[in-house]
Protein chains: 2
Amino acid sequence: MTQYRLCFLGFGNVGRALARLFVAKTAELRELYGIEWQIAGVATRRLGWLANTAGFDVPALLAGDTTATTSRSNDIHEWLAKTQPDAVLETTSLNVETGQPAIDYLQAALQAGAHIITANKGTVVHGYEELCALAQAAGKRFLHEATVLDSAPVFSLFRETLPAVKLRGFSGVFNSTTNVIIEAIETGRTFAEGVRAAQELGVTETDPSNDVDGWDATVKVCALARVLMKAPLKPSDVRREGIRGLDGGTLRAARGEGRPYKLVARARLAANGSISATVQPEQLAATDPLASVRGTSLAVHFELDMMPGLTIMSHRPNLQSTAYGLLADFVNAVKK
Amino acid sequence: MTQYRLCFLGFGNVGRALARLFVAKTAELRELYGIEWQIAGVATRRLGWLANTAGFDVPALLAGDTTATTSRSNDIHEWLAKTQPDAVLETTSLNVETGQPAIDYLQAALQAGAHIITANKGTVVHGYEELCALAQAAGKRFLHEATVLDSAPVFSLFRETLPAVKLRGFSGVFNSTTNVIIEAIETGRTFAEGVRAAQELGVTETDPSNDVDGWDATVKVCALARVLMKAPLKPSDVRREGIRGLDGGTLRAARGEGRPYKLVARARLAANGSISATVQPEQLAATDPLASVRGTSLAVHFELDMMPGLTIMSHRPNLQSTAYGLLADFVNAVKK
């Protein structure tokens, strides 16, 4: 049995779902993997850098009670020194342009001897090589499964199950907000009603224009290309077109034919090793597996040298699914 | 760099594709995993138990030239003693009822100190617990990724990427022959023409009634249930109905509505831990991802406690894809 000290960096919807999931899976983690855990630190912009070196009472923490805090730090370095985490679980919000301050935080966590596990795709797109190198030097893991397809294994799939394979290209439906908006318009509702429907489902980025204008999908394409194709694709390299220009009549006619529009993300390696990537609305063939992706579901289709096609679909993932992506990363980081 | 001695048990289409794949991936295996390999033994019913302790010349072997054979053994024990394999790659044909003689062969291989890797689902359905226990005692691996969805990761997906998850049920299109036959009938051809089309694609079992009457899918359901749900499901426990009773008019009307019939395999755990499983023709909803599985493609949809649904689809896998399932198992067995 090994006792692990966890620090939560960010404690919004995903962070809180993750804390609940650790509680729910306590017995299984102990029995299957010999894992005991405690939450030694929690940090958010609102709460500051909180530590409880004996471990927080999680139900109290989830209820907003931080009276058990044994120390408040002034910055992440002091916080890490106090909490001595084995793993830092990072769920702060996305900075599309720079990935900061999350990258600096994760660097500090690695230097303090923690595995780093993140749901924040900005850290992968803007800090991947750097964080991998630091993690390797420290003998720790940098894992980020929840960044693209929530809990559906994509990065671990390639890392752990597909040795000596070459990824030639991929396509995907990576953004649920646009999917929900398009389906709302297909059934006669307005764009604004579609945005509200997505917000009610809790799937939109803090600023919905990150979804609608294709930024979320663009950052995901870059994350996959960087990790799985070793291609230093930046968001500005992706030909990006959002869904604002789509016409209701066109969408309804396309759906009527069984050939719906989706915001589709694509990347492809050319023979010379260069990569081209797009995020744009596309009308899909009825036989395209991506055409069956409905509502908040997500999917990616890989073209590999060893397989004509491999599709992974995550059906209507929920907050717990996203949290599970982080929990799985944690177990995979520490399991023997 | 480590040198591995391989023995091929069965050298039909899949075994030969695997030998070609080892040749094609030689440089990558060396560079990425420090793996050097040689084929020390090949055995088939026709050839007998052949060994070349210095390693066969693979192109010659593929061309049918076995003159380099340095010894011919009388049985598997003598053959294993001569060849001293690090891994035995088994691709002999399926025995639905007992899994024999493959299970006995794999036991002998484990006792001789080899990892065992198989494309033969009979060994999983009839010998899983026994082979796992022997493998664990020997400190070796028993891997069988290619048995259900060809190269698409299913067993390694759960083993390596989805810790502490509970599988509640699954459904799948596991048999390409019946898919090809149904699609032939949908386009106005006869059942017999459909069987021939599948045979020309090289996807049928040696006896096509294994496909048509649902045995192939049934054995795959049992393999998945045994490994992923720890449920000792036997082929005779599965409610099985093949596709012979399907009427052409019904199939064409269903396809016209976009709600096609498929031979669908299902298994589900009840609250009391009992498992129920079926293999039968089902008309699928247009929105069911399994409805988009065409031709020789295969798919499985998992229902997990941590995710509402996770679908894996393998698109038109070919012989090389199946061979890759075995190669991946080999690398995963020996990689550090």
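Modeller: Domain 1 of chain A and domain 2 of chain A bury about 1,500 Å² between them, and carbon and sulfur atoms give 70% of that area. Buried area is the accessible area, found with a 1.4 Å probe, that two parts lose on being put together, summed over both. On the side of domain 1 of chain A, the residues that lose the most area to domain 2 of chain A are A:V125, A:V148 and A:L149, which together make up 42% of what that side buries.

The model is predicted: local features need pLDDT of at least 70 and side-chain atom pairs count only at pLDDT 80 or more, while totals for chains, interfaces and linings use all residues. Residues are numbered from 1 along each chain as its sequence is written, chains are lettered from A and ligands numbered from 1 in the order in which they are written, and side-chain values use heavy atoms, with hydrogens and water left out.

In chain A, domain 1 covers 2–151 + 320–334 and domain 2 covers 160–316; such bounds come from an automatic or database domain assignment. The centres of the two domains, taken over C-alpha atoms, are 28 Å apart. Where they meet, 15 residues of domain 1 of chain A are in contact with 20 residues of domain 2 of chain A, contact meaning heavy atoms within 4.5 Å.

A salt bridge joins the side chains of A:R226 and A:E129, at 3.2 Å from N to O.

On the side of domain 1 of chain A that touches domain 2 of chain A, the elements giving two or more residues are α6 (121–138) and α7 (146–149) of chain A. Helices (H or I, at least four residues) and strands (E, at least two) are DSSP runs, numbered from the N terminus. The largest share of that side, 7 residues, comes from α6(A).

Conventions. A salt bridge is a side-chain nitrogen of Lys or Arg within 4 Å of a carboxyl oxygen of Asp or Glu.
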